[in-house]
Amino acid sequence: MTWHRIASLHEVEPGQRKVVQIEGKELALLHTDRGLWCIDFRCPHTGGPLGEGIIAEDEIICPLHKWKFQLCDGTHNRGTACEPAGVYQLRAEGDDVLVELENVKASSDNASHPAPRQ
Ligand code: FES
């Protein structure tokens with residue numbers, strides 16, 4: 001596993017988000033009232049700006065066609081219409097937030113919740 005620093009713990013306040021690019025991936029770091037999450041910025045449906053979507057509890061709603069994606073595993077409410085969004089494990093190390101670029105769903109130690117709790 002290779003972890004990449006994407007923010008400081010206090011850089012993204014609750015309710016805020018940060019878009020980062022690492023190794024060709026565009027990711028959205030989201031700070032919700034349930035913690036920090038990391039998901040592909042681009043929607044797997046037709047490439048809408050999923051990372052700019054409205055967050056409602058454990059879901060993010062893509063602004064383009066309003067599909068709902070689970071923040072914990074990237075699954076959506078449209079069955080097999082397309083692949084889930086990529087979601088990524090996070091951990092805190094000191095004041096840094098680190099991400100592991102292997103998709104949580106593909107990870108052998110699949111985390112039930114990728115976000116460090118505060
Ligand atoms: S592009 Fe996101 S739901 Fe269609």
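Leaving aside neighbours within four places in sequence, His-76 is in contact with Trp-67, Lys-68, Phe-69, Ala-81, Cys-82, Glu-83 and Pro-84. The model is predicted. His-76 sits in the loop between β7 and β8. Strand β8 covers residues 88–93, and β7 covers residues 68–70. Lys-68 and Phe-69, two of the residues in contact with His-76, thus belong to β7, because that strand runs over 68–70.

The relative accessible area of His-76 is 13%. His-76 therefore counts as buried, since the cut-off for this class is under 20%. Two polar contacts involve the His-76 side chain. In one, the side chain of His-76 reaches the backbone nitrogen of Arg-78, at 3.1 Å. In the other, a polar atom of the His-76 side chain lies 2.7 Å from the backbone oxygen of Cys-82. Cys-82 is also among the residues listed in contact with His-76.

Strand β7 is part of an open sheet. The sheet has 3 strands, in the order β5-β6-β7. Their pairing is antiparallel. β5 (54–56) and β7 (68–70) stand at the edges. Each has a single partner strand, so one side of each is left without a neighbour in the sheet. From one strand to the next, the twist averages 30°.

Strand β6 spans residues 59–61. It runs antiparallel to β5, and 3 bridges join the two. Within this pair, Ala-56 stands opposite Glu-59 in β6.

Note on methods:
Residues are numbered from 1 along each chain as its sequence is written. This is a predicted model: local features need pLDDT of at least 70, side-chain atom pairs count only at pLDDT 80 or more; totals for chains, interfaces and linings use all residues. Side-chain values use heavy atoms; hydrogens and water are left out. Two strands pair if DSSP finds at least two bridges between them. Helices (H or I, at least four residues) and strands (E, at least two) are DSSP runs, numbered from the N terminus. Axes are lines fitted to C-alpha atoms, for helices over the stretch in contact, and angles run from 0 to 180 degrees between N-to-C directions. Buried means under 20% relative accessible area, exposed over 50%, partly exposed in between (1.4 Å probe, protein chains only). A polar contact is a pair of N or O atoms within 3.5 Å; within protein, one must be able to donate a hydrogen and the other to accept it, and residues adjacent in sequence count only if both atoms are side-chain atoms. Contact means heavy atoms within 4.5 Å.
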